Amino acid sequence: MVHVVGLLLGMTFVSCSQSPESELTQNGQGKLTLILDANTDFISTRAVNEDSYKNVSEYNVLLLDESGNVKLECKGSELSTNTPMTLNNGTYFLKAFYGKEENYSREGFYVYGEKAVHIVAEENISETLTCTPTCGKISVNFDQEMANYFSDYSVSFKGTKAMGADSIQWLKADAEPWYVKLEPNGETVTYTIQATAKEEYVGEDGKST
């Protein structure tokens, strides 16, 4: 499961690459302050530097109007020097993301957040966008005594929509976790444990004890 710890960075902005429509002509304008927040507190591992996902300066940020026009597109590192942002009245859609989305991977994961923001004339509005992983993290901790009784052992996992008919394996010597894409409301993952008993624990009937 993902254990969530917020990393609140009070960074606000105006456009780093605004369209010519920035010279607003519609009736009524308000000011928008945005705060980017990354909740990615997985247990640290060697293969993936999970702390880098907490650094929102590397996130890509987009702000779109209701017609899909890009009002802002920049890195999180550019936010703090561009605040606040003056916009026409209306609804806008804020998105931020980092990483690469895979159905399952040991190399990394994807963090994403989006929300609608509403601008009201003559008001200074502050909105916080929280980005979270789109995956769950799977790892296995075999007790050291397993090696006393079994020559080999592993666990296979399957069952997510993104995984389809595939499965992933955790072998006895594995140390790096799997990041598995999950549906927003969560999914049930099934697993199978396989173990081969050492010869001294197999009786004449072929059954292990």
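Let me begin with asparagine 60, which stands opposite lysine 75 in strand β4; strands here are DSSP runs of E with at least two residues, while helices are runs of H or I with at least four, both numbered from the N terminus. What you see is a predicted model, in which local features need a pLDDT of at least 70, side-chain atom pairs count only at pLDDT 80 or more, and totals for chains, interfaces and linings use all residues. Residues are numbered from 1 along each chain as its sequence is written, and side-chain values use heavy atoms, with hydrogens and water left out.

Staying with strand β3, which covers residues 60–65, we find that 5 bridges join β3 to β4, residues 70–75, and that these strands run antiparallel; two strands are said to pair if DSSP finds at least two bridges between them. β3 and β4 form a hairpin with 4 residues between them, and in the turn glycine 68 has a positive phi of about 85°. β3 is also joined by 6 bridges to strand β6, residues 90–99, again in an antiparallel arrangement, and there aspartate 65 has tyrosine 92 as its bridge partner. Of the 6 residues of β3, 5 are buried, so the strand is mostly covered; buried means under 20% relative accessible area, exposed means over 50%, and partly exposed lies in between, with a 1.4 Å probe and protein chains only.

Let me turn to another sheet, an open one, in which 3 strands follow the order β12-β11-β14 with antiparallel pairing. Because β12 (168–171) and β14 (190–197) stand at the edges, each with a single partner strand, one side of each is left without a neighbour in the sheet. Neighbouring strands of this sheet are turned by 20° against each other on average, with direction ignored, where the axes are lines fitted to C-alpha atoms, for helices over the stretch in contact, and angles run from 0 to 180 degrees between N-to-C directions. Strand β11, residues 150–158, pairs with β12 over 4 bridges, and serine 154 has leucine 171 in β12 as its bridge partner.

Is tyrosine 153 buried or exposed? With a relative accessible area of 9%, tyrosine 153 is buried. Not counting residues up to four places away in sequence, tyrosine 153 touches several residues, among them Phe142, Leu171 and Gln194, where contact means heavy atoms within 4.5 Å. The C-alpha atoms of tyrosine 153 and threonine 196 are separated by 6.3 Å, although these residues are 43 residues apart along the chain.

Serine 105 has its place in strand β7, residues 104–105, and is buried, with a relative accessible area of 9%. A polar atom of the serine 105 side chain lies 2.8 Å from the backbone nitrogen of glutamate 107. Leaving aside neighbours within four places in sequence, serine 105 is in contact with Pro177, Trp178 and Tyr179.

What about the cysteines? Cysteine 131 is buried at a relative accessible area of 0%, and cysteine 135 counts as buried at 9%. The structure holds 0 disulfides, a disulfide being a pair of cysteine sulfur atoms within 2.5 Å.

Finally, the whole chain: there are 1 helix and 14 strands, and of the 209 residues 35% count as buried. Among contacts between residues at least 6 apart in sequence, 69% join residues at least 24 apart.

Key. Polar contact = N/O pair within 3.5 Å; in protein donor to acceptor, adjacent residues only side chain to side chain.
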